[in-house]
Amino acid sequence: MKRVLITGASSGIGYQLALDYAADGWHVTACGRNRAKLETLREHHSDIVLCVFDITDLTETRQALLGKSASLVILCAGTCEYLNHGVVEAEKVHRVMSTNFSGPVNCLDVLLPQLAPGSRVALVGSTASLVPMPRAEAYGASKAALAYFARSLAQDLKRQQIAISLVQPGFVDTPLTERNDFPMPMIINVNQASRCIREGLAKGKAEISFPRLLSFILRMTSRLPVALQRLLTQQIAR
């Protein structure tokens, strides 16, 4: 039986991925901090294995994931907090970096030595890392760091025959984005996001970005002079 381990499975994209992989016959290990929310997965698929821990705690992560086997790992846990009016709140930045960057690193610390050749790890970043956006200093930086880490790690793991995929979604309708107080262009639902990720991973893609049009626009914008990038993103933010 094919095995997948998913972090951030208590809500949003991770939750939907757990449901969809279980429906497709995979053995699913669903990881998250909120046991009550994870338990609701079992209302749909009673054989989903739950793993409750905080990915920002390295010791706890090592204890929780030790001995966990999977041919596919999807590190999907994430958070977002915005900075306002250029006020840099260190605690806020550290929280975002701890969950979005250090958290996946903590998971890889214990999981990579346990993965067999032919396994694949997907790191879920964001298209927000492609272009600097107002208020997104912490979130964008955490996802940019994760993207660099993923691309570099992919090169070092070739000899071990472990593949790395970088997933870069645009806006997805989740409990996290429900808190946003601004228009979210081309937003998609979690079913669409899950399908894009699962199809991309099944094809062995190194990078999976969606929606395609939004990703294309942001990638083209990232190639413009910085001054023009700022002008465009400030107009978008307004």
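1. At 23% relative accessibility, F182 counts as partly exposed, a label for residues between buried (under 20% relative accessible area) and exposed (over 50%), with a 1.4 Å probe and protein chains only. F171 is partly exposed as well, with a relative accessible area of 23%. Please keep in mind that this is a predicted model, in which local features need pLDDT of at least 70 and side-chain atom pairs count only at pLDDT 80 or more, while totals for chains, interfaces and linings use all residues. Residues are numbered from 1 along each chain as its sequence is written, and side-chain values use heavy atoms, with hydrogens and water left out.

2. The rings of F171 and F182 have centres 6.2 Å apart and planes at 65 degrees, so the pair is edge-to-face; rings of Phe, Tyr and Trp (its six-membered ring) pair if their centres lie within 6.5 Å, and planes under 30 degrees apart count as stacked, over 60 as edge-to-face and the rest as tilted. Both F171 and F182 sit in the loop between β6 (163-169) and α6, 11 residues apart. Ring pairs also bring in Y82, which forms a cluster with F171 and F182.

3. The whole structure holds 4 aromatic pairs. One of them joins F101 and F149, whose ring centres are 5.7 Å apart and whose planes stand at 85 degrees, so this pair too is edge-to-face. Because F101 belongs to helix α4 (residues 90-111) and F149 to helix α5 (residues 137-156), the pair ties together parts that are 48 residues apart in sequence; helices (H or I, at least four residues) and strands (E, at least two) are DSSP runs, numbered from the N terminus.

4. The largest nonpolar core has 31 residues, and I6, Y21, V28, L41 and I74 have the most contacts inside it; such a core is a set of buried Ala, Val, Leu, Ile, Met, Phe, Trp, Tyr and Cys residues joined through side-chain atoms within 4.5 Å. Among the elements that each supply at least two residues are β1 (3-7), α1 (12-23) and α6 (190-202), and α1 gives the most, with 7 residues.

5. Leaving aside neighbours within four places in sequence, L41 is in contact (heavy atoms within 4.5 Å) with A9, Y15, A18, L19, A30 and I48. A second, separate core of 27 residues includes A64, A70, L111 and V121.

6. Where α1 meets α6, the residues in α1 include I13, L17 and Y21, and those in α6 include V190, I197 and L201.
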